[in-house]
Amino acid sequence: MESRDKLRIIDMKPKIAHFREEIVLGLLKTPKQISPKFFYDKTGSELFNRITTLEEYYLTRKERMIIKDNIAEICRLFQNGSALVEYGSGGSSKTMEILDHCHGISTYVPLDISASQLEETAKRLSEKYPHLNIVALCVDYTTRFEIPFLQLTGNIIALFLGSTIGNFEPEEASAFLWNVMDMMGPEDGIVIGVDLKKDPSVLEAAYNDSEGVTAQFNLNLITRINREFGTSLDVSSFSHVAFYNRKVGRIEMHLEVMKEMEVMLDGNLIKFNKGELIHTENSYKYDIEEFEKLARRNHLSLERVWKDPQDYFGLFLLRK
Ligand code: AVJ
């Protein structure tokens with residue numbers, strides 16, 4: 001724990017399953033799969049940051065604009081002496097717009113599963129905002145947890161940005177909302193960034209950018225496997241595939257196997273067949289009515305949706 005009393009960094013030791021075991025289990029399945037949480041090693045996090053600056057990847061840019069254009073209304077959500085709790089805070093870059101303008105916030109609680117990025121961000125913010133109480137929690141926020149050291153005179157507003165909720169299966173998103181609802185008081189709220197359903201060609205371009213950064217991000221999983229297992233799979237024998245699955249309303253990312261290969265991973269022989277797909281990510285898209293239904297099923301009401309002029313992206317305010 002940090003000694004400066006305005007900054008506390010608390011490691012709740014989230015049990016991140018062992019990379020090797022999970023990778024082997026996923027590659028023994030038919031069809032093969034790898035969880036998107038494994039994208040974010042050092043290179044993967046850097047590649048993701050580059051993705052957020054790409055012309056085709058409108059999500060981050062739109063969300064940032066929506067926050068900016070509605071900052072006065074967003075600030076009115078905070079009473080005096082309130083807390084901003086952010087799920088998956090990452091580099092907190094979009095959150096700074098809120099911290100800069102919303103003076104009711106006395107405490108910022110960033111939650112992230114990545115200890116190193118959380119610590120770095122918390123320290124940087126404590127220097128930039130010396131009056132802010134910061135309680136940084138390294139936690140797996142899909143489980144139930146409690147926030148220590150909260151001394152508030154105001155309410156709690158939670159933030160879940162970036163359309164990260166799109167990585168959850170609809171049942172998982174529902175369970176997440178139930179946990180949030182259960183922790184909420186009547187004055188509290190949560191603001192969730194959601195990528196909206198739209199012309200599939202726009203969606204597909206966002207995940208097949210012309211510079212090939214998303215392809216590198218996807219293929220980095222093979223590089224990571226080679227590093228963590230000491231194998232030498234040929235990265236160029238896999239190829240990036242991303243498409244919109246209309247039936248279920250999600251972008252799917254896969255790695256296509258371009259030639260037959262075999263590899264031993266911790267005593268398990270994994271065979272790759274030419275043309276086979278390894279499923280690496282789902283990114284669900286919602287329309288407003290669908291998301292409202294999901295909220296209502298979990299006893300949350302949709303109080304407000306802020307959108308960009310093209311209706312590409314939405315920020316949803318939910319309350320109990
Ligand atoms: C960080 C999960 C919201 O689904 O758009 C970006 C990750 N994958 N490009 C998304 C991602 C490919 C991103 N999320």
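Strands here are DSSP runs of E with at least two residues, helices are runs of H or I with at least four, both numbered from the N terminus, and two strands pair if DSSP finds at least two bridges between them. This is a predicted model, where local features need pLDDT of at least 70 and side-chain atom pairs count only at pLDDT 80 or more, while totals for chains, interfaces and linings use all residues. Residues are numbered from 1 along each chain as its sequence is written.

Two residues lie between E9 and E10, and aspartate 266 in the turn has a positive phi of about 45°. Leucine 265 has asparagine 268 in E10 as its bridge partner.

Now to the open sheet, whose eight strands follow the order E1-E4-E3-E2-E5-E6-E13-E12 with mixed pairing. Strand E1 (7–11) and strand E12 (301–307) stand at the edges, each with a single partner strand, so one side of each has no neighbour in the sheet. E12 runs antiparallel to strand E13 (residues 313–319), joined by six bridges, and leucine 302 stands opposite leucine 318 in E13.

Finally, have a look at the ligand. The residues around the ligand include Ile51, Leu59, Tyr207 and Glu281, where a residue is near a molecule if its C-beta atom, placed from the backbone, lies within 6 Å of it.
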